[in-house]
Amino acid sequence: MLFGKTILITGVASGIGARTADLAGQMGADVIGIDIREPPHGQISFIKGDISTAAGIEAIVRQLPKRIDALANVAGLSGNTGITKTLAVNFYGLRALSEAVAPRLREGGAVVNVASIAGYGWRANLERAKTLTAVEGFPDIESLVAKHGLKNEEGYPLSKELLLLWTMQAAHLPLFKNAGIRVNAVSPGPVETPILTQFRAVLGDERVDSDIARVGRAGTSADIAPAVLFLCSDGARWINGANLAADGGLEASINAEVLGF
Ligand SMILES: NC(=O)c1ccc[n+]([C@@H]2O[C@H](COP(=O)([O-])OP(=O)(O)OC[C@H]3O[C@@H](n4cnc5c(N)ncnc54)[C@H](O)[C@@H]3O)[C@@H](O)[C@H]2O)c1
C-alpha cells in the first residue's frame, strides 16, 4: 500500500513515531523522519528540526523534496513543559508544518494527525476551540494564553481538541481540498511510550489506570502505527476529515457513559 511512496513522519526519535517510521520502511515507503532529537538508529533519512517555532519549520521545509505522498504528524508533548510549548508543538506548529508541506503533497496525498482521546472534550468546549483555531499562522502563543486565561494543566487536552477540530476544518480548506489532499486524525488512548510516564505525572496514576482498566491494557506503538499508515495510504482514499479511534474501545466506553447508552 505504501510501496515507493515518500512519507514524512514527525516525532521519529521515540514511541509511536519511531514505530510508524519502521513499519512504513518495511512496507516499502521512503521515510523522511523529523524530530528535535536524533533517532536511536539511523536507517531512515532524518532531518533534525524543531516544529515549535516558525523558524524551525522554515528550516525543515527548506530541506524537503519537491514531491511528498503523505505527512504523518506524530510529534507531541505531554503538557509537562507548560501550555505555551505544548500548544506550539501539538497544534500551531503541527498546523504550520502541514500548511507549508501542502504544496509539495501530490494529488491524492494525505495528512494524518495523531490526536488523542484527551481531545474528547472538543464538542463541550467548541466555542473556545473555534476561537483558537481561527487564529491564523504561527501566533504569539504566550499572549493568546494570557488573553484567554488558559491554565497550564489545560495545555495537553486543549491542544488535542484544537487538532481534532482543525482536522475536520482542514479537510475542507482549499489548500488541501482543491489539491485532493485528505486530512484525518488518529486518536490513541494510553500507549506504553515515554510520554505515558509524563501523563501519569500530569494527570495522576488514577486517571491513566482507570482508562487502561476500561479496555484491559495500555496500547503499544505497534497498535497505533498501522492505523496512521492506513490513513496515509490510497486504501483510505475516500476517508477525509475523520478521526479514527485507536484505543481498544476506550472512546466507545466513554461515549456509553457520557451519552447514557
Ligand atoms: N503515548 C500515549 O499514551 C499517547 C496517547 C494519545 C496520544 N499520543 C500522542 O502520540 C504522539 C506521539 O507520542 P509518543 O507516545 O510516541 O511520545 P514520545 O514522547 O515517545 O515521542 C514524541 C516525540 O516527539 C518529539 N518532539 C517533541 N517536541 C518536538 C519538536 N518541538 N519538534 C520535533 N519533534 C518533537 C520528541 O522528541 C519525541 O521523539 C503525540 O502527539 C502524543 O500526544 C500519545
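Residues are numbered from 1 along each chain as its sequence is written, and side-chain values use heavy atoms, with hydrogens and water left out. Because the model is predicted, local features need pLDDT of at least 70 and side-chain atom pairs count only at pLDDT 80 or more, whereas totals for chains, interfaces and linings use all residues.

**The largest pocket**

The largest pocket has a volume of about 1000 Å³. A pocket is an open set of points on a 1 Å grid over the protein atoms alone, where a 1.4 Å probe fits, with protein on both sides within 12 Å along at least five of seven lines; lining residues have an atom within 4 Å of a point. A volume is the space filled by probe spheres set on the points, which are joined across faces, edges and corners. The lining of the largest pocket comprises 47 residues, of which Gly76, Leu77, Ser78, Ile195 and Phe199 are the closest to its centre. Helix 8 provides the largest share of this lining, six residues. Helices here are DSSP runs (H or I, at least four residues), numbered from the N terminus.

**The ligand**

The largest pocket is the space taken by the ligand; a molecule sits in a pocket if more than half of its atoms lie within 2 Å of the pocket's grid points. Around the ligand there are 31 residues, and the closest are Ser14, Ile16, Asp35, Tyr156 and Thr193; a residue counts here if one of its heavy atoms lies within 4 Å of the ligand. Helix 8 also gives the most to this shell, with four residues. By class, the shell has 18 nonpolar, nine polar and four charged residues. Ala, Val, Leu, Ile, Met, Phe, Trp, Tyr, Cys and Pro count as nonpolar, Asp, Glu, Lys and Arg as charged, and the others, Gly among them, as polar.

| Protein atom | Ligand atom | Distance |
|---|---|---|
| Ile51, backbone N or O | nitrogen | 3.1 Å |
| Tyr156, polar side-chain atom | oxygen | 2.7 Å |
| Lys160, polar side-chain atom | oxygen | 3.0 Å |

On its own the ligand has 830 Å² of accessible area, and the protein covers 96% of this; such areas come from the Shrake-Rupley method with a 1.4 Å probe.

**The second largest pocket**

The second largest pocket has a volume of about 270 Å³. Its lining has 17 residues, with Tyr120, Trp122, Arg123, Asn243 and Glu251 closest to its centre. Helix 11 (250-259) contributes the most, four residues.

Key
Helix = DSSP H or I, 4+ residues; strand = E, 2+ residues; numbered from the N terminus. Polar contact = N/O pair within 3.5 Å; in protein donor to acceptor, adjacent residues only side chain to side chain.
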